[in-house]
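Open the model in your viewer and keep the selection tool at hand. We will go stop by stop.

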Amino acid sequence: MINRFFRLYFCSSIKIEPVNIHYQDGLFDTTYGLLKMTRNPYLNQKQLESITNSYFLVDGVGSNFIKSLFKKDMNSLIIFDCEKMHLRNAIEIYQATKKQIDLQFFGTPKRPRNPFSKCKGPKDIFNLYRHIQNQQKLMLSRMCLIVSYNGEVRIQGTLPECGDLKYHLEEQPENISQIGYRKYNYLLPFSAYQGIVTAYNYEKEGLAIEFLNYKKIYALYGVFPPTQRQYQVLFHSYMQKLVKIHDVTHSSLYNVIDLGCGTGVLGFIANDVLLRSFKDKEINIYSLDNVENAVKSAKINSQCLEYKNYTAELGDITDIDTLQYQLTVFKYPAKFNLIIANPPWIQASKIRIDDSIENTVTDPDGIMLKSIFEFANKYLQIESLDSTKGRLILIYSDLSQLLELQEKEKVQDLCREYKMGITYYSELPFHIKDPQNVDPLLQYKQNSKVQLFEIRKI
């Protein structure tokens, strides 16, 4: 009891005074030298220029102090002092601050707040919730660590493994001394640091995939690991049905492409089933993604799985004219027997253009979905003497429709527009856990389905 009282008294007695900082040419001039903000999609240039104060936190500072800062000095930066702060305390302060911010919007169990009371439907709830989440991330992004130019995290204590941090830092100009600067260090948002640590664990440990005989898949930073099982179950079940009816191809060549491949897991599942079922055929798996780390992840995984018939390239299917030239350069085939696509399920605008995680779950105006049909219309194998009609396998969800973000039967409408038809359909409930029961969209997500469409030209 005495220790607890002393700690509370000690925390309340610590006063951190603001330190004036100057922002110019993309750098902050601080007591720790020149610092450049990095990996922060939430603070734009105008907001960075408005920052004039920083607070260097030391051990013993509580979250109530941080809460007061957010109220009185929203244009400040909060920096964990690299000489007077331990990582374990920084984690506690960050988590406590995060909880305080939640309370600010949603209240306490005894005094709850409902910011969604005036919302007229799920679309309003969705948009307001995104706005709240963005505001929370914006505030938390002001809490930063100092990272040296050589990738060393400047804080006391034992640090978790996170790989080479230099990979996540912006490169400094080679002629930096000639343009009047000395080498500078970096301000890395604590939230970004935690994301890098988590991503490194997936990159290092991998994720065992049931439908690849529990072989592991690895995801680089900014690429979603294949943790959701439902779409893998649907796709593996479909591939098993496809090879059983022997309606794959009459020729000895079978070309598959995975659009927006991510880690490559769907292409690998298809490859595994096809190779085991048709040993006398030449199976080729191609893939595309517009995220560089996704392409790198897919290539690494194909090497780990020892698939020599797998190719991954960087390409954007929403730019069909450029892609046509790229496919020629990549030496991809002119037609594909099977096209696999698992596009983002949420048809909503992007709040932050450079937020890689945000961009993998949203599809503004359904551009990606429509582009998949354009690609299939152009590159799907047509019926001929030596080949059955090609198939587009679309893995999607009705969540956007339930949230009133997308018109009903969007997939069916696109089929009619591109003269295609749905020849097979299966679904599974979209299981989602929310142990803290804070997601205002939980009821819609629990009622949604993961869907698999087999689509062919009419």
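What pLDDT does the chain average? This is a predicted model, and the chain averages a pLDDT of 88. Of the residues, 90% score at least 70.

Now select residues 1–12. Here the pLDDT is below 50. Beyond near neighbours in sequence, this stretch has four contacts in the model.

Next, select residues 230–244. This is helix H7, with 15 residues. From its first C-alpha to its last, H7 reaches 21 Å, close to the 21 Å expected at 1.5 Å a residue. Colour the buried residues of H7: Gln230, Tyr231, Gln232, Leu234, Phe235, His236, Tyr238, Met239, Leu242 and Val243.

Stay on Phe235. Phe235 is among the residues with the most contacts inside the largest nonpolar core, along with Phe373, Phe375 and Leu394. That core has 69 residues.

Move to leucine 394. Which residues does leucine 394 touch, not counting those up to four places away in sequence? Show Ala341, Pro343, Leu369, Ile372, Phe373, Val411, Gln451, Leu452, Phe453 and Ile455.

Another core, of 50 residues, lies apart from the largest one. To find it, select Leu57, Val58, Ile196 and Ile346, which are among its residues.

Last stop: glycine 157. Look in the loop between strand E8 (153–154) and strand E9 (185–189). Glycine 157 has a relative accessible area of 46%, so it counts as partly exposed. Glycine 157 and methionine 85 are 72 residues apart in sequence. In space, the two are 8.5 Å apart, C-alpha to C-alpha.

How values were computed. Residues numbered from 1 in each chain as written. Predicted model: local features only at pLDDT ≥ 70, side-chain atom pairs only at ≥ 80, totals over all residues. Heavy atoms only, no water. Helix = DSSP H or I, 4+ residues; strand = E, 2+ residues; numbered from the N terminus. Expected span 1.5 Å × (residues − 1). Buried < 20%, exposed > 50% of the residue type's maximum accessible area, 1.4 Å probe, protein only. pLDDT = per-residue confidence, 0-100. Contact = heavy atoms within 4.5 Å. Core = buried A, V, L, I, M, F, W, Y, C linked by side-chain atoms within 4.5 Å.
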